[in-house]
Every structure is written in C-alpha cells, then in structure tokens.
Amino acid sequence: MNLKKVCVIIPTYNNHKTLKRVIDGVLQYTTNVIVVNDGSTDSTSEIINSYATIDSISIPKNQGKGNALRLGFKKAIENGFHYAITIDSDGQHFPDDIPVFLEELEKSDSNILLIGSRNMNQEGVPKKSSFGNKFSNFWFWFETGIQLEDTQSGYRLYPLLHIPKKYFTKKFEFEIEVIVRSAWKGAVVKNIPVKILYDPTERVTHFRPFKDFTRISILNTVLVLITLLYIKPRDFFRSFQKKKIKQFIQDEILESNDSNLVKSLSIALGVFIGIAPFWGFQTVLVIFFAVLFRWNKILAFTFSNISIPPMIPFIIFASLQIGSYFVGGDVFFNENQEFSFEMIKNHTTQYLVGSFILATITAFVFGFSSYFLLSLTGKSKK
C-alpha cells in the first residue's frame, strides 16, 4: 500500500457498534487510515480518539456521506496519497478483502476505479437494496455504456488524481456522481468480487428511502441530459476524428455485429431525425430512439448529421416545395432565393408538412439502399 500510495478512508455516522471492528480489521493491513466522523452523536468520537496511529476528521454536524468522502479525498491528497480505498463502517464489508483491491490495482492501468461487487442474491440481503442496485446499474449503463453488477457498494478504490475535482452532491447520491463523471473523464470503472455481511442486529442504515431516492432520481435525470446533449456527441466526434472515413465504414458498418436490418434501420432513423424539424433536439432524439430500439447508436447519430450547414438550404428548399403540393398553397420557390428562418416562419405549415414528408421519403431511400448494399457484401450478421 505504501508503494502504490494507497490509504483507507472510513466515513462513519453513529456506527459505534461496528466501527471498532472495522478499524481494527483495516489496521491489520495498513496504518494509512483516515476516519471521517460525520457528526456522530454516539460514542464514535471516543472510539476514534482511542487510536493514536490513525488520522481523523471531525464534522460537528452531520452533512451526508458524500460530503464526508469529499473531505476524506481532500485530506488523502494533502497527505500525498494517490489512491483511496473506502469502506463503510456498518460492518457489512470485510477488511480482509483489501488485498483483492491491491492485486487488481497492481495489474491495471493507473486510471482505474474499482467497486466491490456484492452477492445481492445471498440470504439476508434486503429486497429493497437489491432493487435499488439494479435500478442504479441500469442508469449507470445508460450514462456511460459500462455494464456493472454493483454500482452502489461503498467498498471502492478511487484513483484520487483522476477523479473530478469539484462535485455537485453531498449525500448518498455522491457515490453515483463520482463514478459516472470519472467514467466520462476516461477512468476504467469495473467490479471486483467482495464478501458481504448483513447482520440486522448490528447494521444501522441512514438511507432515507423517499428523500434519498428522490435525490438520486434528480441526479440521474441531470446526468442523462448531459449524456445525451454532450457526452455522446463528444465521444462520437472524438472517435470519428481518430478514424478515416474508410476505416469508419469498415468498423462501424461492415464489421459491426449488428444485423444488416438493424444497420439499415439505424441509418434510416438518423436520416429521418436529421431532416425532420427537430432543431435543437436531434441529438437527444436520435440517441434516445437508438437506445430504446437497441439499434446502432453510432450509425444513427452519424446519419442524423445529414442536415449539416451546407445542406440546410437544400433541405429547406425541398421541404417548402414538397409542402406546397399538400397544403393547398400556390407558393413556389426557386434555388436562387435566399432561405431564412423568416421564410420558414411565414410558411410554417407548408414547411412542417413538407419536411416530414421529405424526411420519410429520404429515410426510406437511405434505409432500403443501405440494406441492399450491405446484402451485396455477403456479411450479414445473424
């Protein structure tokens, strides 16, 4: 632990029944220990003061687990540590799993965040904990593309130099924020198996179902919006910049594991959303529907950019012309006219009708053509 500059952070709040056992267990492996007393009103302070070899932080009034961890991270960095293993003080985690984290760290890249994966199916695990974990796992996957078995375990190893410097949350939802935003920053987030003990006679939980679940839901709503509006487009452009067009076609179209039908539908979806009048919401919609239908998100997003600036005048022109045949108007345009938002405003119905018809026809042509061309390659995936 000294070689890798690893410490152990123990956030605690009114867990005097189990705190001493947890500290004693951790001290079997290291004296690099920081205990954060989050405003406890029981005998926690006396227990902490009985240890001369550990560092501690005392918060006068309970502020929440997230705040305790943030202060613990800050203290650890000030003390020169590069990694921090966090372990809850309620006795559900086993300190003898610390070597499991160290072994994984030894063989991994420095920018890795490890989460202890608990067996949520074992006897004694509350059903609400199992449900909450599945709920959290789904949203973490949606926001990062990473599938984990356990995203709520407090037994973790954090790469202190790679996680975000500032945060927005202070309570239980902090542990979701930190892993999502660390993944966005490029950290490898993965599970490792750890043991778990649920003893109803000892365990004290401070999770408030209504308040904390509401906080977590609000946080996930914000993270999903950021994912759709910024992270997904950012990641796509980063990957696209690294690839030549020929390589992109080879990797994402020809060699993709999706079936030819899924690829074609993804292309059609992107073209439809790109041409239809969903300005400002195209990225959100195309990724939402691609995820909903389990289609190829990269292909859908790529072809939604059919409405790039050079193409906009032609799309507006075609939409207005097509619309003029269906709304009963006699307004026609020519390619020499200057197209503007004012023109669209003056012919709103004509533009909207024409735009949706154009989007539908073009999507069908692109989808059918791509399916035909992909079939000719002879690489249909089942």
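Ring pairs join F135, F138, W139, W141 and F142 into a cluster; rings of Phe, Tyr and Trp (its six-membered ring) pair if their centres lie within 6.5 Å, with planes under 30 degrees apart counted as stacked, over 60 as edge-to-face and the rest as tilted. This is a predicted model, in which local features need pLDDT of at least 70 and side-chain atom pairs pLDDT 80 or more, while totals for chains, interfaces and linings use all residues. Residues are numbered from 1 along each chain as its sequence is written, and side-chain values use heavy atoms, leaving out hydrogens and water.

The count comes to 17 aromatic pairs. F138 and F142 form a tilted one, 6.5 Å centre to centre with 40° between the planes. Both residues lie in helix α5 (residues 127-144), four residues apart, about one turn of the helix. Helices are DSSP runs of H or I with at least four residues, numbered from the N terminus. F142 is buried at 11% relative accessibility, whereas F138 is partly exposed at 41%; buried means under 20% relative accessible area, exposed over 50% and partly exposed in between, with a 1.4 Å probe and protein chains only.

The ring centres of F288 and F289 are 5.3 Å apart and their planes lie at 75°, so this pair is edge-to-face. F288 is partly exposed at 39%, and F289 is partly exposed at 28%.

Over the whole protein chain, 47% of the 382 residues count as buried.

Conventions:
Helix = DSSP H or I, 4+ residues; strand = E, 2+ residues; numbered from the N terminus.
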